[in-house]
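The sequence and the model are shown below, and the description follows them.

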Amino acid sequence: MVVYFTDEQTESRAFVTRILKEVYRLPAPQFLRGEHGKPRLVGAPLCFNLSHTHGRTFAVFSAQDVGLDAEWCARPLPKACLTRLTAAERQENFFRLWTAKEAYIKYRGGTLATMLPALRFEGGRLTEGGMPVDAHLAFAEADGFCIALCTPAPAVIELKRI
């Protein structure tokens, strides 16, 4: 699955619109927001998701729901983040587990406040309320960024600068 990115300073809607016009040939995309603010396309069979971190914007498009998160891995971690992790999570790469959790939340269309407390990432598996999630995660690392993609079926991330 292609994850588009840019280092240009851009507004989210402008970046998505540019990709929809240039790649998907949608001349005038229109958007609406779901219950928790997740943007959706009107009248097009595409779902999309965005992530911003350290001056880079990422976007992914799919025929099915999709969640995307990216983090810049060189930033220092607040101690408050680390103290909230389980012992098993402390053994994982923090950015991998954080992007996995956030990509899953975005995939489901939920909010951090309501869903994060029930999510754990242990032994390379994401669980919600102690049960493995019914979704697939893919990861990539490039240029100091950790990227997680959450989809209903297995996927491989292909990064493409646009």
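Which residue in S11 is the bridge partner of Ala-138? The partner is Leu-149.

The structure is a predicted model, in which local features need pLDDT of at least 70 and side-chain atom pairs count only at pLDDT 80 or more, while totals for chains, interfaces and linings use all residues. Residues are numbered from 1 along each chain as its sequence is written, and side-chain values use heavy atoms, with hydrogens and water left out.

**The chain as a whole**

The protein chain holds five helices and 12 strands; helices (H or I, at least four residues) and strands (E, at least two) are DSSP runs numbered from the N terminus. Its radius of gyration is 16 Å, close to the 15 Å that the globule rule gives for 162 residues, so the chain is as compact as a globular protein of that length. The radius is taken over C-alpha atoms, and the rule is 2.2 Å times the number of residues to the power 0.38. Along the principal axes, the C-alpha atoms fill a box of roughly 50 × 30 × 25 Å.

Of the 162 residues, 41% are buried. Buried means under 20% relative accessible area, exposed over 50%, and partly exposed in between (1.4 Å probe, protein chains only). Contact means heavy atoms within 4.5 Å; among contacts between residues at least 6 apart in sequence, 52% join residues at least 24 apart.

Two strands pair if DSSP finds at least two bridges between them.

| Strands | Direction | Bridges | Turn residue and phi |
|---|---|---|---|
| S10 (residues 136-142) and S11 (residues 145-151) | antiparallel | seven | Asp-143, about 55 degrees |

Strand S4 is mostly covered, with six of its seven residues buried. The hairpin of S10 and S11 also has two residues between its strands.

Most residues other than glycine have a negative phi. His-54, in the loop between S4 and S5, has a positive value although it is not glycine. Asp-143, in the loop between S10 and S11, likewise has a positive phi in a residue other than glycine. Asp-143 is exposed, with a relative accessible area of 56%.

Phe-5 belongs to strand S1 (residues 2-6). Is Phe-5 buried or exposed? Phe-5 is buried, with a relative accessible area of 7%. Leaving aside neighbours within four places in sequence, the contacts of Phe-5 include Phe-15, Phe-58, Leu-159 and Arg-161. Phe-5 and Arg-161 are 156 residues apart along the chain, yet their C-alpha atoms are separated by 4.9 Å.

Phe-139 is placed in strand S10 and is partly exposed, with a relative accessible area of 24%. Beyond neighbours within four places in sequence, Phe-139 is in contact with residues including Arg-96, Phe-121, Ile-147 and Ile-157.
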